[in-house]
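Student: I have a structure open and would like to go through some of its contacts. Can we start with the charged side chains?
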Amino acid sequence: MLTRPRRLRTSPIIRELIAETRLSANMFIYPYFVTKGKNKTEAIEAMPGISRFSIDQLIPDVEKGLKAGVNKILLFGVGEEKSEDAHSAHDAHSVVADAVRELKKKFGKDLFIVTDVCLCAYTTHGHCGLASPPAPLQRRGEEILYIDNDLSLPILARMALAHAQAGADMVAPSDMMDGRVAAIRNLLDESGFVNTPIMSYSTKFASAYYGPFREAADSAPGKGDRKSYQMDFRNGREALREAQLDEDEGADIVMVKPALAYLDVIKTVRESTLLPVACYNVSAEYSMVKAAAKAGYIDEQRITMENMYAFARAGADIIISYHTREILEKGWM
Ligand code: PBG
Ligand code: ZN
């Protein structure tokens, strides 16, 4: 007898019944850029619909989102003083720490706040770690910047602690220094934050898809690239090693980033760990959809949702996306 999968596609109701992948509003995290100062809402040109907000403007925007079910957010700080030692990153009154305190005062447990932990918006050179202080290494007479992995660890840990002390529900290190998950975990535990989880950007590729974000966060490296600490996109097995290391160091959630061009990596990480897996649908992935939609080349709702289902089908439990707000407000799901 002939088996016919077609029989299962005969009506919308049976198609719903047998759908293998389902999305839920609970899976989404919405990123926000919070900037120093007052009364600021600065649209980010390459990311239509996304703005940088000062804290006073952030609060009403978050309130609007909450009404549509956007109750998990990821905060990035912008506009802080940049220095060699990135001290503003772990200031108790950094813009991120202050924003967390204000948001928690207003929304309490109704809002789940994740903070990005990385130094690139706080260092003079714009790299994700500190540069080695002794004379820069010389290579063929040219000064090169050496990003010092181990020197960066205590600073990243202090940044995470400052966020936890302000009331952050979870911290998300995106710097890609080796050993930072352990360094953060130890300092959080010693300081009494044993229940603050770490969502680690474990598998973060050196990618051109971060372009619009760097404009938004003012975090482009002045010189050089991030290939010494971010991953080579030709390497899939290495992605598993990075995820495994972070898991061994105590990560609670591992992440793959970017998402669209890395569905294979999401899938293999999903199959190799028992931890929850997040993916980050990054800035240029969002910008491309927005630009093509604006030009009338694509159906924005359908393309957006097809992408979201692809992340879930690949195995992502959590989706970090700039589309979150629109998906939930417009009921695209
Ligand atoms: C900072 C950071 C970046 C992103 C998240 N955290 C940029 C980078 O590594 O250059 C990218 C997010 C996006 O493009 O939406 N380390
Ligand atoms: Zn960074």
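Student: How many salt bridges are there?

Tutor: The count comes to 18 salt bridges. Keep in mind that this is a predicted model.

Student: Which residue does Glu42 pair with?

Tutor: Glu42 meets Arg52 in a salt bridge, 2.8 Å from N to O. Glu42 sits in strand S2 (residues 41-43) and Arg52 in strand S3 (residues 51-54), 10 residues apart.

Student: Is Arg52 buried or exposed?

Tutor: Arg52 counts as buried because its relative accessibility is 15%, and the cut-off for buried is under 20%. Glu42, at 27%, is partly exposed.

Student: What about Asp317, where is its partner?

Tutor: The partner is Arg270, with 2.6 Å between N and O. Arg270 lies in helix H8 (residues 263-272), while Asp317 is in the loop between helix H10 (300-314) and strand S12 (318-321). They are 47 residues apart.

Student: Which residues form a network of salt bridges?

Tutor: Lys290, Glu300, Glu326 and Lys330 are linked that way.

Student: New topic, the zinc ion (ligand 2). Which protein atoms are its donors?

Tutor: The SG atoms of Cys118, Cys120 and Cys128, at 2.2 to 2.3 Å. Along the chain the donors follow the spacing C-x1-C-x7-C.

Student: And why is the arrangement around the zinc ion (ligand 2) called tetrahedral?

Tutor: Because the four donor atoms subtend angles of 96 to 118°, and the rule asks for all angles between 85 and 135 degrees.

Student: Are Cys118 and Cys120 buried or exposed?

Tutor: Both Cys118 and Cys120 are buried.

How values were computed:
Residues are numbered from 1 along each chain as its sequence is written. Chains are lettered from A and ligands numbered from 1 in the order in which they are written. This is a predicted model: local features need pLDDT of at least 70, side-chain atom pairs count only at pLDDT 80 or more; totals for chains, interfaces and linings use all residues. Side-chain values use heavy atoms; hydrogens and water are left out. Donors are N, O and S atoms within 2.8 Å of the metal (3.2 Å for Na, K and Ca); water is not among the atoms, so sites may look incomplete. Four donors count as tetrahedral if all angles lie between 85 and 135 degrees; four count as square planar and six as octahedral if opposite donors are over 155 degrees apart and all others between 65 and 115; anything else is irregular. Buried means under 20% relative accessible area, exposed over 50%, partly exposed in between (1.4 Å probe, protein chains only). A salt bridge is a side-chain nitrogen of Lys or Arg within 4 Å of a carboxyl oxygen of Asp or Glu. Helices (H or I, at least four residues) and strands (E, at least two) are DSSP runs, numbered from the N terminus.
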